Amino acid sequence: MAPVALPPGFRFHPTDEELVAYYLKRKINGHKIDLEIIPEIDLYQFEPWELPSRSLLPSNDLEWYFFSPRDRKYPNGSRTNRATKAGYWKSTGKDRKVNSQMRAVGMKKTLVYYQGRAPNGHRTDWVMHEYRLDEGECEIPSGLQDAYALCRVFKKTSINISNNVASSSQDQSFTTNMTQMMSSDQSSSIDIYSEGRCDDFESTDYSVPIERCSASFTHGSSSSMCDVGDNGQWMQYLNEEEFC
């Protein structure tokens, strides 16, 4: 297939439904696909790291799509031969239905690539989603719905878990310290104001005597007596007449 001229900024990210109900269904039923962007190759003749160069998509895309004929492992069997020269694709998990307009139109299988030979192969980060068309969506004689599979291939990116954990621990430690500081500040404020203003002054370097005041009423006049401190005691009397 000749390379496709794509406009700048083009990205190809179809949904499972679009891959099966449009691209795969049209491929198997022989209908024209508006944009021929998915090439047909014998996918298992290549190692996964060789597949990006076979794609028609821009090189900066991290997913690659292919139509692949389903090579039977046994002539009369239904198992697909997914072995390559250097390894094999191994199925993982259960197949899942792909739905369109409230009905199942196909199935989706997830496979992981292993280098070496089973059962001693080494698991890699290469993953493939294999899509198959449901027989009810096939417009041609029964059995040809399995002639092709549509495959999405990508490589998982590794995540540095240890760095994330360390960063999370630092954030938690910082939050804990800030909480303790705020709690300490609030406790100090509560102690100062709960014990009274005089105690606050006593905790400073200023020597301010503590007032002990009592009021007395004599011969129609009022006076207040404030006895201040034990050292250098003094008293002051104020009569109403002094303010008249």
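The lining of the largest cavity divides into four nonpolar, two polar and two charged residues. This is a predicted model, so please keep that in mind. The cavity is lined by Tyr-44, Ser-68, Pro-69, Arg-70, Thr-80, Glu-130, Ala-149 and Cys-151. Strand 1 (63–69) and strand 5 (148–155) are the elements that give two or more residues to that lining. The space inside is about 30 Å³, and the count of cavities of 30 Å³ or more comes to one.

Next, the salt bridges. The count is ten. Arg-152 and Asp-16 meet side chain to side chain at 3.6 Å, N to O. Arg-152 sits in strand 5 and Asp-16 in helix 1 (residues 16–29), 136 residues apart. Arg-152 counts as buried at 8% relative accessibility, whereas Asp-16 is partly exposed at 24%. Both belong to a salt-bridge network that also includes Glu-63 and Lys-108.

Glu-137 lies in the loop between strand 4 (122–133) and strand 5, so the pair ties together parts that are 112 residues apart in sequence. Both Lys-25 and Glu-137 are buried.

Asp-95 and Arg-132 form a salt bridge at 3.2 Å, linking strand 2 (residues 87–100) to strand 4. Asp-95 is partly exposed at 29%; Arg-132 is buried at 15%.

Last, Thr-110, in strand 3 (residues 103–115). Thr-110 counts as buried because its relative accessibility is 15%, under the 20% limit. Its side chain makes a polar contact with the side chain of Arg-96, at 3.5 Å.

Notes:
Residues numbered from 1 in each chain as written. Predicted model: local features only at pLDDT ≥ 70, side-chain atom pairs only at ≥ 80, totals over all residues. Heavy atoms only, no water. 1 Å grid on protein atoms, 1.4 Å probe; cavity = no way out; pocket = protein on both sides within 12 Å on 5 of 7 lines; lining within 4 Å. Points joined across faces, edges and corners; volume = space filled by probe spheres on them. Helix = DSSP H or I, 4+ residues; strand = E, 2+ residues; numbered from the N terminus. Nonpolar A, V, L, I, M, F, W, Y, C, P; charged D, E, K, R; others polar. Buried < 20%, exposed > 50% of the residue type's maximum accessible area, 1.4 Å probe, protein only. Polar contact = N/O pair within 3.5 Å; in protein donor to acceptor, adjacent residues only side chain to side chain. Salt bridge = Lys/Arg side-chain N within 4 Å of Asp/Glu carboxyl O.
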